Amino acid sequence: MTSASDLRSGKTHRDENFPVASWIIHPRHRALILSFYNFVRTADDIADHATLSADEKLRYLDLLEAELLGKGDTQPEAVSLRRAFAERAMAPRHALDVLVAFRMDVTKLRYENWDDVIHYCRYSALPVGRFMLDVHGESTSTWAASDALCAGLQINNHLQDCAKDYKNLNRVYLPRDALAASGATVEMLGEAKSPPALLQCLQALAVRTETLLNESKSLSAEVKDFRLGLEVAVIQAFADKIVGMLKVRDPLSERVHLNKPELLVQSIGGMVNEMIRRAAGRRPQTKPAAGA
């Protein structure tokens, strides 16, 4: 069997919509975070692989899980993460949860409603935030705000890449009931520009996602680690900017990803605002989402 490493897409932590083990995070945490990222990225690339059969994808995902749990040493990403967890006496629970989502990606191509999508996020995104909090020794009381941020990030990504996911993988995360309510169809995702019904659906989902992201704004204040607080503030700024674009743009025909200047501006703004907030001892300000 080919190593899972050979099936990687080439995407790295530098290509994500959010910072991964950036210089903001304390150096003592970066090796573990990168090991976690490489494991997750490998599993994600397997689930999205263009030529592997569903059975082959599931076999590789099962192999990664087995070796993460100590049953073999042939998959470098699993072995590296297993050893990194052992050094910190951490359980692999969050990595195992993420594998549940990638198995869903292989076997589940449609989602019925918003709750169905959130259930997917429970395994695809929420464990990543919870892992970061555990790495920094934060309280589980921070999980609620983290869950909202991670779910918002995931759904932002679903909306950004809705056409690509449909065309390349026949995978649609847009809820069937939301499409039906707008009079849209899945097949519209194959067009060069969103018909009005599809655009209405996409932008309504963006508004709903903005509500989630509003629920996460307390997270930077809830975490005790200063550097993690800055990182959270940057990620929140990215997510807020992206959802703002999704509310007014068409993902099928317009840019809905942040370019490098926008990433820099949002990073600086997020860090500065969080440092001022912490210095003043203020709580983050929230505002109702438009249309919520």
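**Entry 1: S146**

I looked up the contacts of S146, leaving out residues up to four places away in sequence, and found G129, R130, L133 and L219. Contact here means heavy atoms within 4.5 Å. This is a predicted model: local features need pLDDT of at least 70, side-chain atom pairs count only at pLDDT 80 or more, and totals for chains, interfaces and linings use all residues. Residues are numbered from 1 along each chain as its sequence is written, and side-chain values use heavy atoms, with hydrogens and water left out.

I then checked L219 against S146. The two sit 73 residues apart in sequence, yet 6.3 Å apart in space, C-alpha to C-alpha. S146 belongs to helix α7, residues 143-160 (helices are DSSP runs of H or I, at least four residues, numbered from the N terminus).

Is S146 buried or exposed? S146 is buried, because its relative accessible area is 2% (buried means under 20%, exposed over 50%, partly exposed in between, with a 1.4 Å probe and protein chains only).

**Entry 2: rings**

I counted five aromatic pairs. Rings of Phe, Tyr and Trp (its six-membered ring) pair if their centres lie within 6.5 Å; planes under 30 degrees apart are stacked, over 60 edge-to-face, the rest tilted. Y111 and Y120 pair edge-to-face, at 5.8 Å centre to centre and 70° between the planes. Both Y111 and Y120 are buried. I also noted a cluster of F36, F85 and F131, linked by ring pairs.

**Entry 3: charges over rings**

I looked for NZ of Lys or CZ of Arg within 6 Å of a ring centre and within 35 degrees of the ring normal. K108 lies over the face of Y111, 4.9 Å from the ring centre. The charged end of R122 sits over the Y123 ring, 4.7 Å from its centre.

Conventions: Helix = DSSP H or I, 4+ residues; strand = E, 2+ residues; numbered from the N terminus.
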